[in-house]
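Welcome! Take a moment to look over the sequence and the 3D structure, and then read on for a guided tour.

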Amino acid sequence: MILPTNRLGRFARHIVLPEVGGAGQAVLAQARVVLIGLGGIGAPALQYLAAAGVGTLVVVDDDVVEESNLQRQTIYREDEIGHRKAELAEVWVSEFDSELEVHWKVQRVTPDNAGEVIAGADLVLDGCDNFATRLAVSDACVAARIPLLSAAVGRFQGQVGAFAGHLPDQPCYRCYVGDAFDADDCDTCAEDGMLGAMAGWSGTFAALQAIRVLLAPTGGMGDPQWGKLHLLDGLAPSLRTMTIAKDPACRGCAS
Ligand SMILES: [Zn+2]
């Protein structure tokens, strides 16, 4: 596939990068990414995935915009408080780049519907706010053999990891967190607070790693970094990387 000539100017700064180039940009234009959660991670990640020319975006969230979201969820405006995030995200993308295809789903992702929500994706980026959804998404990704970019943020800490649990030697997200968090009441603590720019850093870093995964078949940015969990510390500041081992007894990905 070749990038249409009317798109060359928009992506000129990508195309001159040897790691992306015309071939890589064409791969991004063909890619379909499902974003689960359009909050502190999802909003900035969506901006940079759309800006990167990811051709098809599916935006999934069952929440509405609250006033306290505006400090970090940068695609929403004050006159949109009370409106559904998925619908607003769809409008944001189509106004930003009218050539991108975007679909929205107002849905809480559960083990029952996760497979249908992620169907057809080249990559799922999960930035939702609770473990039950994260684990449902992870299990569905393993079953559908779709890579998962998982990202979370709180206070001054971010975590971004790429998972390919469908591969025999690679862990899934469940290998990392185990089974203890399947219960619905185990949401991460919103009341802990979060520096807004920390969500921006974590979300845009997740977009960077998502692009790395999408470009991996072209050799682009090198290794997709399966099973690497990057820990972002906004106070130090620093970036550390852990390697997650595949759990041979994992009920998400063990064969
Ligand atoms: Zn696993």
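The report below starts with the whole protein and then visits a few helices and residues.

## Before we start

This is a predicted model, in which local features need pLDDT of at least 70 and side-chain atom pairs count only at pLDDT 80 or more, while totals for chains, interfaces and linings use all residues. Residues are numbered from 1 along each chain as its sequence is written, and side-chain values use heavy atoms, with hydrogens and water left out.

## The whole protein

The protein contains eight helices and eight strands. Both are DSSP runs numbered from the N terminus: helices are H or I with at least four residues, and strands are E with at least two. The C-alpha trace spans about 50 × 45 × 40 Å along its principal axes. For 255 residues, a compact globule would have a radius of gyration near 18 Å, and the 17 Å of this protein agrees with that. (The radius is taken over C-alpha atoms, and the globule rule is 2.2 Å times the number of residues to the power 0.38.)

Of the 255 residues, 49% are buried. Here buried means under 20% relative accessible area, exposed means over 50%, and partly exposed lies in between, using a 1.4 Å probe and protein chains only. Among contacts (heavy atoms within 4.5 Å) with a separation of 6 or more, 65% join residues 24 or more positions apart.

## Helix α3, an enclosed helix

Seven of the 10 residues of α3 are buried, so this helix is largely enclosed by the rest of the structure. The buried ones are Gly-42, Ala-43, Pro-44, Ala-45, Leu-46, Leu-49 and Ala-50. Their cover includes β1 (32-36), β2, α4, β4 (123-126) and α8 (196-215).

Ala-51 also lies in α3, but it is partly exposed, with a relative accessible area of 30%. Leaving aside neighbours within four places in sequence, Ala-51 is in contact with Phe-11 and Phe-96. Just after the helix, Gly-53 takes a positive phi of about 80 degrees.

Helix α4 covers residues 85-96, which makes 12 residues, and reaches 16 Å from its first C-alpha to its last. That is close to the expected 16 Å, where the expected span is 1.5 Å times one less than the number of residues.

Which residues of α4 are buried? They are Lys-85, Ala-86, Leu-88, Ala-89, Trp-92 and Val-93. Seen down the helix axis, these buried residues fall within an arc of 160 degrees, so they line one face of α4. (The arc is that of the directions from the helix axis to the C-beta atoms.) They pack against α3 (42-51), β2 (56-60) and β3 (101-105).

## Glu-116 in helix α5

Glu-116 is found in helix α5, residues 114-118. Its relative accessible area is 48%, so Glu-116 counts as partly exposed. Apart from neighbours within four places in sequence, Glu-116 is in contact with Lys-105 and Gln-107. Ala-144 is 28 residues from Glu-116 along the chain, and their C-alpha atoms are separated by 10.0 Å.

## The cysteines

How many disulfides does a search of the whole structure find? It finds zero, a disulfide being a pair of cysteine sulfur atoms within 2.5 Å. For Cys-128, the nearest cysteine sulfur is that of Cys-141, 11 Å away.

Cys-128 counts as buried at 10% relative accessibility. Cys-250 counts as buried too, at 5%.
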